[in-house]
Amino acid sequence: MQKEDRPIHFSVELIHPPFSLNKEAIQKLYTELLGTKAKYDSIDLSFPMQARFYTNHGNKSQSIILFLPDRALITEEWTIITFSDFLEKTEILLPKILKARNQSLFLAHIGTIRSTFGLTGYQDAKTFIVEKLLHQTPASLIDYFGRSVSTVGIRFVFPESNETPGLLHIAIESFRHNKKEVFVEVRGIFSKHPITPNSVKPLLENLKALRDFLTNRVQYFLSQFD
């Protein structure tokens, strides 16, 4: 298995007490961001209960902030920026979002990282997962379920502890866009420590921990089979 992964998605969901959307404050935030590394090309205020900033980079790649009554979601879909750039962008956005939403803190945050790893010993990730992780064969799955399988995978949930913060959900699947790659999603839910404009660092460290878990722990686990 290749050591280096191919990131395709970064996001962080910022949860705060419910509060009605102030479209003027959101518009002001959009204007403030134009001179920063966290700027967006377009704004959409057409829906009463949500607002959206977005940039379409082409080839399915998008940068988005979605504002809802009780949260904001920062997303890089089919990302063209690096993880360090995403962290820098997030650090810029957090205090500004709190101000625009008239909030003093985020009660919880949820980070999600999706990536793929290329296989070296297998030409098909579905066969790799079925044979090596499940100890089955594609034919045996058809015997059991009576249908062919298009995507196959496994999931893990790791509870939070004092030594390991955050509830982690891990998905490992065959990647439907490239059969030679294994898709991995790491999702962490952090709710013990609220985030304020002056305490952004713990959130960034949690996102770094998710990235490290994917590139080291999950890769280490999978590489033993390939």
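Residues are numbered from 1 along each chain as its sequence is written. In this predicted model, local features need pLDDT of at least 70 and side-chain atom pairs count only at pLDDT 80 or more, while totals for chains, interfaces and linings use all residues; side-chain values use heavy atoms, with hydrogens and water left out.

**The sheet**

Begin with the strands (DSSP runs of E, at least two residues, numbered from the N terminus).

Next select residues 6–15 and 108–118, which are strand 1 and strand 6; they run antiparallel and are joined by 9 bridges. I15 has A108 in strand 6 as its bridge partner.

Stay in strand 6 and pick T116. T116 counts as buried, at 1% relative accessibility (buried means under 20% relative accessible area, exposed over 50%, partly exposed in between, with a 1.4 Å probe and protein chains only).

**Strands 7, 8 and 9**

Move to strand 8 (residues 167–174), which pairs with strand 7 in the antiparallel sense over 6 bridges. I154 is partnered there by I172. Strand 8 also pairs antiparallel with strand 9 (residues 181–190), over 8 bridges, and I170 has V186 in strand 9 as its partner. Strands 8 and 9 form a hairpin, with 6 residues between them.

**Helix 4**

Select residues 138–145, helix 4, and find S140; helices are DSSP runs of H or I, at least four residues. S140 is buried, with a relative accessible area of 15%. Its side chain makes a polar contact of 3.1 Å with that of Q136 (a pair of N or O atoms within 3.5 Å; within protein, one must be able to donate a hydrogen and the other to accept it, and residues adjacent in sequence count only if both atoms are side-chain atoms).

Definitions and conventions: Two strands pair if DSSP finds at least two bridges between them.
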